[in-house]
Amino acid sequence: MATIPPHAAVSPQAFSNRFLHYLRYVRGLEVTQAAPADLLAALELTIREALIDRAVATRRLQGTQVPKTVHYLSLEFMLGRLVENNLLATGLEPVAREALGALGLDLDRLVEEEPDPGLGNGGLGRLAACFLDSLATLDYPAYGYGLRYDFGIFRQEFADGWQRERPDTWLKNGYAWEIGRPDMTVKVRLGGTVVMQGDDGRRRPVWTGEHALYGVPYDVLVAGYGTASVSILRLWRAEAPDSFDFDTFSRGNFLAAVAGRENAEAVTKVLYPSDEAEAGRELRLTQEYFLVACSVADVVRRFRARCGECWEIFADKVAFQLNDTHPALTVAELMRVFLDEIELPWEQAWAITRAACAYTQHTVLAEALETWPVALVQRLIPRHAQIIFDINKRFLDGVEAQHPGDQGLRRRLSLVHEDGERRLRMAHLAIVGSHRVNGVARLHTELLKSQVFPDFDRLYPDRFVSITNGITPRRWLLACNPRLAAAISARIGDGWVRDLDRLAELRQYADDPTFQDEFLAIKRANKVDLAAVVARLCGVAIDPASLYDVQVKRMHEYKRQLLAAMHIIALYRRIKADPGGKLTPRTFIFGAKAAPAYRMAKLTIRLINGIAEVVNHDPDVAGRLRVAFLPDYRVTVASAVIPAADLSEQISTAGMEASGTGNMKLALNGALTIGTLDGANIEIRDAVGEENIFIFGHTAAEVAELHASARYNPWDLYRADAELAGVVDALRAGSFAGADAAALGEIWSALMERGDRFMHLADFRAYLDAQARAGALFNDPPAWAAKAIRNVAAMGYFSSDRAIREYAREIWGLVPITPAG
C-alpha cells in the first residue's frame, strides 16, 4: 500500500503562511479586506499546492515506467465541492481548521461558499467522479476527459410550482482547482468535404475545405485517499482560431467582429443543449465530436512522446473507456488518425482500435439509445461518416459470411438504421468497435444480452460483461456523514475508508442496544441538520421525529416519482376521510431536475409541488405529513439529504433502471430501501438480506410479459381498487393543480388513456403495502436501527474501488503504479 502523503505533517503555521501568501499575491488582499470568495480561493490554492506536488510525483513516476493508462471519456463529471474532499485526501483537514481558526476564520463557513461545478446531470456524471476518486486511491494510471461547460447543467428554481431553468454561473468567481494548459491546445476540424487525391496509383481520401476551432485543456487534480497518487480530469474548452476580426470591427460591424468567437465558444457553453431544433441537434453532435477529437489527439500526442511510432504496442499502453454512447465517435476518430495521419493499413488500424476501446452501456430504454441523422454527420464530420460506412460494410460482410442470406439479421445489426430517415446507431458503433461492452448491474447486463442487443450477444458471446456500479466511501460516508463515520471507526477502526468490505465487521453491533442508540442519535442529528436546509430552501418546517421518506434522482417517468406522489395522495385522502386515524408521521423529500424539453417530467414536478402546497397547509393533516421538493438538487444538496434519510425510494419500473447509485449511497448511510427488483436493488437485496429491505412490485420478466401480451389494462385495476380509483380521480380533477388543472390532466391521460407504460397502477397496491410495513417498523426504533445497521454493514461490495478493480482486471489490463510516498 502507498503511504499517506507527507503533506499530512504540515504545521498549522506553515499552512497559515501559505494561505496568507495566496490571499495577498493572487487576490491582492488582507484577511480583513477579503470577501468570502477571496478567502475561499486562497484556501483552495493552498490545498492545491499539496495536490500539485503529488501530481508532479505521479507524472514523474509514470513517465519513467510508461504504464498502461486508462482514459475515461464522459460528457458528465459531477465532482461536487472539492475543498472538504481534498482536505480529507491530503490529511490536511485538522491543520486547515486550526490554521484558519487562528486567523478568526471558520473552515465550515468557507466550505459552504464553494460552488458545485455544473458538469453533470445525474448518476452518469457522479459515477464518473467516483471512478476518478477510486482510480487515484488505488494507484491506477488514469485520465478523465470531459468538457469545461461555461454554465453546465441549469440552476433549477420553482415558480408557481413549475420548474424554471436559470444559468448556472459556477465560474463567475473563477475556479481555483483548475490549471489551464494552453500549450496543449488541440485543433478540431469540422465541415468540409472528402476528396480522393494522389497520382501514384495510391489514391487516398483527404478531408478538405473544413473550418477549425480549438480545444484548450484545463486540468483538475483528483487526489487519492491515503496515497500520493493523483488522477487528472482534463476538461476541454472551445475557442475560435481568430476570436476577433479587426478588419470587420474597423468597418463598424462590431458584433460580426466577434461572431466567430461566439459560435466557437457555444460548443462548451452548456451541458445538453435542447435537441428539439436542428441547430440544437447539430450543437450536441459537435459537443460529442469535440470531446472525442480533443481527447484522442491528446492521448496520441502523449503516446508518441513516450513510445515514438511503435503503434503495434498502442493498445498495450492505452485504454479508452467510453461512458455511454456520447463518446462513441472515439472509434471513428481513432480510425481516422490511424488511417489518414499515421497511414496504417485498415486491418492493423481496426485491430488496434478494438483492442484499445471498451464501452459502458447505461440504459435499456430503446429511445435512449443515441442515433444521429446520416445527413447531419456527413455535413459536420464527413470523413467520419465515410469511415463508419466502411466499418459497417466490412462488419456486415463478416455477418453475411457467418449467416448467409439472413437479411433480417444484417438489418438489425447494421450501424445504419435504414427505415425512414437514415440514422447512425451510436451504440452499435461502440459495440462493434470495442473489445468489451459492460452493463452496470447483473440484471441490466442480462437485459442487454437478452432484450436490447441479443443479436450482438450471439455474434460476440464473450464481449458482454457485467460490472456493477459503485460509489466512493470517501465522499459518500467519510465526508458527508462524519458523525456516522466516526462511530463506525470507533468500533472497527478506519480501515473501511480504503477497504469497504471491512464494514462487515459492523454486523456484530446490529443488535447492540448501545450502538443502536448511538446510531439513532446520529440519524436524528443529521435529520435536524436537514430540517434547517429544508426550511431555508423550501420554507417548510419538518419534524425530525417523522419518517424521512426520500426520493432524490433524475426526474424520469421510469423512475416513478409519480408513484411516490400517488402514495402521498392516498395517505392524504385517508386523513381527510378519518382525520383522527392513526398514521406514522412522514416527511416526503424530493430532489430532481427535469430536462428542459421533457414535458411529462416537468408536469410531475408541478404535481408534487401542488401536493406540497395542499398537504402542508391543511389543518386536518396536523403535521403528520409534510412534502418538500428541494430546488436545484446537486451533489452538495445530496450530501445533506443522504445522511438524514430513513427510507430510500428506489421504485423504478422493473427492467428499466440500469443500476442506480443513489440506492447505494442511501443504504451506506443507514437508510432502508423500498424498491422494485430492478438495477442494483437486486444485488442490494442479496447483500443485506430479504428481511432488511422492502421489495415490492412486478419483476422485469413480468413487466415484459404484460407489455408483450397486451393484457395490461389500467382500467381493470382502477375498477378493482377503490383507493386507487380515488387517487386517479384526484389527478383527473386537478385537486393538486390549482390553476394548472388542464395542463396536469396530461398525467391522468398518460395513466388511463395511453396505457400506463411505466406500470404505476400495476404496482400501486404492492407499493402501498410495502410502505405500510415500513411505517410499522419505523414505530419500533430498536428493530429499525438493527436493520439499518445491517444495511450499512453489507455495503462493502458497492464501493467504486471494487468496481474499478474489476474494470482493471477484466477490461483494461491495468496494474497499480504505487508511489513511494
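This is a predicted model: local features need pLDDT of at least 70, side-chain atom pairs count only at pLDDT 80 or more; totals for chains, interfaces and linings use all residues.
Local features need pLDDT of at least 70 and side-chain atom pairs count only at pLDDT 80 or more, while totals for chains, interfaces and linings use all residues. Residues are numbered from 1 along each chain as its sequence is written, and side-chain values use heavy atoms, with hydrogens and water left out.

**View 1. Helix α10 and the residue just after it.** Helices (H or I, at least four residues) and strands (E, at least two) are DSSP runs, numbered from the N terminus. Helix α10 (residues 278-307) has 30 residues. From first C-alpha to last, α10 reaches 43 Å, close to the 44 Å expected at 1.5 Å a residue (1.5 Å times one less than the number of residues). Just after α10 comes Gly308, with a positive phi of about 65°.

**View 2. The open sheet of six strands.** Its order is β20-β19-β18-β21-β22-β23, with parallel pairing (strands pair if DSSP finds at least two bridges between them). The edge strands β20 (625-630) and β23 (694-695) each pair on one side only. Strands β18 (residues 547-552) and β19 (residues 586-591) are joined by six bridges; Leu547 has Arg586 in β19 as its bridge partner.

**View 3. Helix α33 across the strands.** Helix α33 (residues 781-793) lies across β18, β21 (647-650), β22 (672-675) and β23. The helix runs at about 85° to β22 (axes are lines fitted to C-alpha atoms, for helices over the stretch in contact, and angles run from 0 to 180 degrees between N-to-C directions).

**View 4. Helices α30 and α31 in contact.** The axes of α30 (residues 722-733) and α31 (residues 741-752) come within 7 Å and cross at roughly 140°. Val728, Leu731 and Arg732 in α30 meet Trp748, Leu751 and Met752 in α31 (contact means heavy atoms within 4.5 Å).
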